[in-house]
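Me: I have a two-chain model open and would like to learn how to read it feature by feature. Could you walk me through it?

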Amino acid sequence: MTLYRNLTIRQKQIVWAWAFLTLPVIFYGVIRFYPTGSAVLISFQDWNLLGERTWIGADNYIQLWNDPVFWKVFKNTFVYLLLGTPVSLVLSFTIAYHLDKLRFLHSFVRMLYFLPFMTSAVAMAWVWRWFYQGVPIGLFNNILAKFGIAQIEFLNSTSYALPAVLAPAVWAGLGFQVIIFMAGIRSIPTSYYEAARIDGVGWWTVLTQITLPLLRPTIVFIVVFSSIGFLRIFDHVFNMTTNNPGGPLNATKPLVLMIYDTAFNSFNMGYATAQTVVLFTILLIVSLIQLRLLRSA
Amino acid sequence: MTSIAPTSVSLNNARPTKPRNMGQIIRWLILFFGGIAMIMPIVYMISTSLKWPHEVYNVNLMPDDPTLENYTYVLEDGRFYIWFMNSAIIATLTTISNLLFDSLVGYTLCKFKFPGRTLVFIAILSTLMIPTEMLVIPWYLMSQNFGWLDSYWGIMFPGLMTGFGTFLMKQFFESVPDDFLEAARIDGLNELQIWWTVAMPLVKPALAALAIFVFLGNWTAFLWPLIVTNSPELYTIPVGLSGFGDEADVAWELIMTGAAISTIPTLIVFLIFQRFIIRGVVMAGLKG
């Protein structure tokens, strides 16, 4: 105690700071950094959880390169991204742009759009899965039948299954993006719009010359945020295809589901961690592109 | 003359405003019905959970004869009650841990000058780049070695502190004036007391926003609880619901009831704190 008393104020601050940080630093070291390094190491090993760990160099990565399922999954993952991100970006901006101009019952209508964001992905995957069933069970096909339109095998068709699984993911994320866009639109100084009105500029010019350019940071944030979300899609796919995970014929299987299967159904830990390293690399590239875009903005 | 004038005036006025009003009305109607369409999956989930089996496949929204029979059945089965409690306990404990540690670390990184500060900050920030999916396999192996599989601790330990929460809290502590802390120091409070009694009350809105995010995130978390639990008594509600829906011959109205049980609490929380949560989303989205 006398030792502590003899310290200067600055030294006391250092003692306190490290006292506060000791437990968290251990936590981040053991629960975040050690597992990251360990994942990279295991990706160079052959290990089926029970047997010996053997070093096999880059064999897991070579196997991945030659695995047709991996390329199918890789393609699916990017289809989720390339369909999901633009669709949700355009929808959420359109909704936010018009919602911003709405006076009557503004917060009520806004609530309607935001509500799906508060739901659990698993619960809603089951609700949508029910919607997609054939007659007489599923809602969508019942409605189609009422209008005499042919049935759609949403979840059993190799061409419709992926968009069908993606729809609830887009639906659930929309409210968040709408709110972020509205905050972005609100933060644009009204003086810009007043100047445009005095100059007699049309709404299209205002939108493309003022609103969208000034929303650039918001747009970059939303694109990256939703891209990362779609690249990591899992809960919806897993729950909507439990009878044949990632099916039919791997048509809906994303990278995270392949990782889960390889690790916890085939117990091929080395191969699974190699896939996680690939996922990490993809996400890192997306994040770096974001930083580059934000900096140049 | 006076009787004609108002008509002609109002006609003249009506012309420029009419298309604008019509546009506003159409905009409102489209947005309103779009919003109604957005909540349809939630509405159908709840309405189906209130239907008798014979009515389930009718497209009608309102049950002819609403019943709580499905809820009674599902709750008497007992599993959903256990899963619900598991989720509630785990999400609550994780939230408390995040509120304490994320704010303490955020505060320390914001208000203290010490060697290693930048390093710790960058290290914690960089954990945001590491996806959970990369960590679940090592976490699983770790849990296996330490006997953490199939336990509350096993489900909770990865989320006890987050880089996101730390970064969010650090941003908010920036707005706490150093003079306040200095005044407390002169009054003889130690650093722990200053953090808890002076700084923390000033960032209550941020703490509340963080609490909502952490709770919601843990309430709906699926991948890690799915991996780490084996016995149904330890399932969280999403893991339990997923297995329940997958059982053979489970009626859809019972699955909808389970889905409703897992969704209704978060919806109620949202309806109560609506304004607040939306502000929180904006704060976290822009600052985090």
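**Reading the model**

Reply: Let's begin with overall spread. Chain A has a radius of gyration of 25 Å, whereas a compact globule of 297 residues would have one near 19 Å. That radius is taken over C-alpha atoms, and the globule rule is 2.2 Å times the number of residues to the power 0.38. The C-alpha atoms of chain A fill a box of roughly 70 × 65 × 35 Å along the principal axes. A word on ground rules: this is a predicted model, where local features need pLDDT of at least 70, side-chain atom pairs count only at pLDDT 80 or more, and totals for chains, interfaces and linings use all residues. Residues are numbered from 1 along each chain as its sequence is written, with chains lettered from A and ligands numbered from 1 in the order in which they are written.

Me: What are the mean pLDDT of chain B and the scores of the model?

Reply: pLDDT is the predictor's confidence in each residue, from 0 to 100. For chain B the mean is 88, and 92% of its residues reach 70 or more. Watch residues 1-17 of chain B, though: pLDDT stays under 50 there, and the model has zero contacts beyond four places in sequence for them. (Residues are in contact if their C-beta atoms, placed from the backbone, lie within 7 Å.) The model scores ipTM 0.91 and pTM 0.90.

Me: How many helices and strands does chain B have?

Reply: Elements are DSSP runs numbered from the N terminus: helices are H or I with at least four residues, strands are E with at least two. Chain B has 14 helices and zero strands. With a radius of gyration of 26 Å, well over the 19 Å the globule rule gives for 288 residues, chain B is more spread out than a compact globule. Chain A comes to 14 helices and two strands.

Me: Which domains does chain B have, and what separates their centres?

Reply: Domain bounds come from an automatic or database domain assignment. For chain B that gives domain 1 (5-55) and domain 2 (76-287), with 38 Å between their centres, taken over C-alpha atoms. Seven residues of domain 1 of chain B are in contact with seven of domain 2 of chain B. Chain A is divided into domain 1 (2-42) and domain 2 (65-296), and their C-alpha centres lie 38 Å apart.

Me: How many residues does each chain bring to the contact between chains A and B?

Reply: 68 residues of chain A are in contact with 66 of chain B. Helix α2 (residues 9-42) of chain A gives the most to chain A's side, with 18 residues. That side divides into 52 nonpolar, twelve polar and four charged. Here Ala, Val, Leu, Ile, Met, Phe, Trp, Tyr, Cys and Pro count as nonpolar, Asp, Glu, Lys and Arg as charged, and the others, Gly among them, as polar.

Me: And how do I describe two packed helices?

Reply: Use the angle between their axes and the distance between the axes. Axes are lines fitted to C-alpha atoms, for helices over the stretch in contact, and angles run from 0 to 180 degrees between N-to-C directions. In chain B, the axes of α3 (residues 79-111) and α10 (residues 204-220) come within 8 Å and cross at roughly 140 degrees. Residues making the contact include B:Ile90 and B:Leu99 of α3(B), and B:Leu210 and B:Phe215 of α10(B).

Me: Where is the cis peptide bond?

Reply: A cis peptide bond joins A:Val135 and A:Pro136, with omega about 0 degrees. A:Pro136 is found in the loop between α6 (121-131) and α7 (139-146) of chain A.

Key
Two residues are in contact if their C-beta atoms, placed from the backbone, lie within 7 Å.
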